[in-house]
Amino acid sequence: MTKDDAMLTGRYRIASAAAVVLGIALILLSELGGVHEVRVFGAGLISLGGIGLGVLAGLDQPRRAEWLAWVRDRRVALGMIAALVSVAPVVVAFAAALVVLPAAMGEGRSGMALLGGLIALLMLMASVGCFVLAVRAIRRAARPVTPGSPAEAGEEAA
Amino acid sequence: MIPTREILWNITALGPILLYTLMAIPFVFLAYGLARRVRMWRQGQPENRFDQLGRRLWHAILMTVLHGRIVRRRNRFGGLMHLAIFVGFVTLFIGTVIVMIEADITVPIFGVSFYRGDFYLVYKAVMNLAGLLLIGGSLAALYRRYVRRPATLETTGDDVVILAFLVVLGVQGFAVQALRMAVTDDPWGPWSFVSYPMALTLSALPESWLRAIHVANWYIHFLTNFVFLSYVAYSKMIHPFTSFANVLFRRLKPVGALDPIENIEEAEVFGAGKLEDFTWAQLLNVDACMHCGRCLEYCPTFSTGKPLRPRDVVLELAGYMADRGGIFSGELGQGENSARYRWGAGPDRALIPDVVSPAELWDCTTCGACMAQCPVYIEHVPLIVGMRRHLVLEQGEFPEEVTSVFTNLERLGSPYQFPPNQRAAWTKRLDQPVPEMAEVAARGEEVEILFWVGCLGSFDSRNQRTTVALARILQAAGIKFAILGKEESCTGDPARRIGNEYLAQMMAMQAVETLNTYNVKKVVTACPHCFNAIKNEFPQIGGNYEVIHHSQLINQLIAEGRITLDPNSALARGAVTYHDPCYLGRYNGEYDAPREALAALPGLELREMRRNRNTSFCCGGGGGRLFMEETRGTRINQARVREAIDTGAELLAAACPFCMTMFEDGIHGVGAEESFKVLDIAEIVAGSMITPNGADGAKEHGAAESEGAAPESAERPE
Ligand code: SF4
Ligand code: SF4
């Protein structure tokens, strides 16, 4: 990268970061000041600024990012927490629906309520099933990679 | 009352503040991951793939958005499943954008609301349907991976995490909607036909509980969306972007033409020994793989238990590129790989043999079945041949058996150890002489067509019979033709596919020079490899001719009544099955002419093999494999012969000398010499032809020769 390129990239980076900051300010103005007209501009600036920052970092020379290494080292724990957090509220909602199903059926439209209970049960099963599969997959992906090279595999097959 | 709903119901100002400010995070991650990939592709060699942009764009939309190659008759379950996920996801995304337009643009800025009335009701129904499609499609995908798993499908952690994400996102959407309706007692609830019954059930809960659970689900729903979007660029989920880009920038040249090494005399790099040696479009190619495994379905090496699996070659390259390009943090340590990287090679290892093994490279028959199946137009053969070129030209590494092929090609102009002056020896078996171009030119005459005999047709004793049969047909039809005789040389096809591009170019140039000396306009050949090279590769070096395969010419002669067939001929009876040669069918799209020629003999009953036309199963002889030992897995030619025998036919019709050699060998291998035979289309037609003197030709061709002596298999070059 030439000096000029580096300078230009630096400027783009500052502009992108500024867009994000300005966007956040507009969102605060919109929600706290009740000026909802500016919300879309805030959202737009945040998106564009985010894209700009991402693209500039992505096109840059690879370099070691300590925080990413930190994330990678804890990816199993983070993955499991994320899986749990994303599933917990729906599990609570559908479990609650099943608990109150008898009461709901007693309030008239019992057929519909029963159907609702059935759908909730299916969704609950899907959510829990996916949680279990995802946790297993995350744990499996964290195992050390398969030792050996394709050359050895070729010889085995021969 | 006008149907509508309150957007951001039950959400305080904190909700939109967090929603919009945190939005920067997924955008940064997505843009970073995509830009990283673009950076990696740009390290490849230049190649112009920016021509015909309109055609490219339309094709990309057709093949990816409209699922042109994804939903196929043979892959209906997988294709429809993918379509359901795609339509569900995209519709829900558009639905979210519509709500944002209402809430953030039209209402606050223009004071106009469109999210109401009939539009709102239809919107609700469509979104519920989309949610069902997303969840149903994703669950079907999990079912396919865990319960009904095809042998070609391999499940990584990444696949499961993505599907789990999609299911949970869909379920969360329904939960949020049902919880809101349970409190608001929405009179238009039934339009949300999935959430509505759940809302009725949930309405038995106290309102404060419903509100609390709703808020929790709302926040977690948008956070899950953000985490998912952040994950997209580092997982298989990148494929909607890369697949679209790959189809957009796909190669538009004939699929049968390999790109030459330009200016080979001056070149410093031969083939691909490093990632940077591939073109940028090839690097994009390997990044576009969506792990569907369709390229394995008809791959002869996968089916016969060899190490080469085209999908894995692509994924090995993609994983290696991710490591090298620092797709995660820049400098990943050894073994810190993406989910797709199978071998744990790490960025510092050599492309060959650490990432892709020579065994994988040498097993490929270049049959093209992988490319014909790949829904996103990944081109495996050029990748493999590129790496072969590196092995041959830079490392001097190739299977031992190939040494003599190279030597013979260099010295004698054919893979076999026969002198050029024996090329026309077969003509002695004909009653009428076959002129050579040199004589014709010396007489100042011209011929209608040049018969390009090919090396196997000239020197291999079994294939000489096909050559003789074709010459008889041409003579019977009164076609004025000639051969090149000792001036003919190899087209360079085997050398090129083996990776000896230098030798291939030498052979091709020599052939083009000869053809151009005689001002040849039209060429017929019985060899699909020669056909493909002359038709698709010779134009690269100034050789432009009308090229016709013998099955096409024969079919035409029958249709025009220029040859007459005897329906009672000994050869024209019973059940026959036809094998589509890869270089005629898949590479050049000719499936009908040979079948029509066979259909002209009413006594023959054509029975199709399970794998036919563009799913035809290779004979095992292409890509130079004819000249190599098959040491890994089971034998490809025997697998195909068994498939042919399973049709109940007694005769296998071939249209390629490579296939002929492989099948003769295969028939011996399975011990079916007594009950099953292989004949070329030309032999069947010539053997059923009523010759000018009125005699049936069957005895002269297949009937006598094949039924009598045991067929000779092709000799390997000395
Ligand atoms: S060209 Fe044929 S043998 Fe080679 S990888 Fe593709 S399907 Fe397999
Ligand atoms: S290379 Fe093509 S066919 Fe093979 S797994 Fe990848 S996307 Fe599917």
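Let me begin with a definition: two strands count as paired if DSSP finds at least two bridges between them. Helices (H or I, at least four residues) and strands (E, at least two) are DSSP runs, numbered from the N terminus. As to conventions, this is a predicted model, in which local features need pLDDT of at least 70 and side-chain atom pairs count only at pLDDT 80 or more, while totals for chains, interfaces and linings use all residues. Residues are numbered from 1 along each chain as its sequence is written, chains are lettered from A and ligands numbered from 1 in the order in which they are written, and side-chain values use heavy atoms, with hydrogens and water left out.

Consider the sheet in chain B. In general, strands of a sheet pair through backbone hydrogen bonds, either parallel or antiparallel. Here four strands form an open sheet in the order S6-S5-S7-S8, and the pairing is parallel. At the edges stand strand S6 (604-606) and strand S8 (677-680) of chain B, each of which pairs on one side only. On average, neighbouring strands of this sheet are turned by 35° against each other, direction ignored, where axes are lines fitted to C-alpha atoms, for helices over the stretch in contact, and angles run from 0 to 180 degrees between N-to-C directions. Strand S5 (residues 574-578) of chain B pairs with S6(B) in the parallel sense over three bridges. Which residue of S6(B) stands opposite Val576(B)? That residue is Leu606(B).

I now turn to the charged side chains. A salt bridge is a side-chain nitrogen of Lys or Arg within 4 Å of a carboxyl oxygen of Asp or Glu, and by this rule there are 38 salt bridges over all chains.

One of them links Asp104(B) and Arg39(A), with the closest N and O atoms 2.6 Å apart. This pair crosses between chains, from helix H4 (residues 76-110) of chain B to helix H2 (residues 39-59) of chain A. Are these two residues buried or exposed? Both Asp104(B) and Arg39(A) are buried, a term that means under 20% relative accessible area, with exposed over 50% and partly exposed in between (1.4 Å probe, protein chains only).

Within chain B, Glu605(B) and Arg607(B) meet in a salt bridge at 3.0 Å, N to O. Glu605(B) is partly exposed, at a relative accessible area of 41%, and Arg607(B) is also partly exposed, at 28%. Elsewhere, salt bridges that share partners join Arg389(B), Asp493(B), Arg496(B), Arg497(B), Glu501(B) and Glu537(B) into one network.
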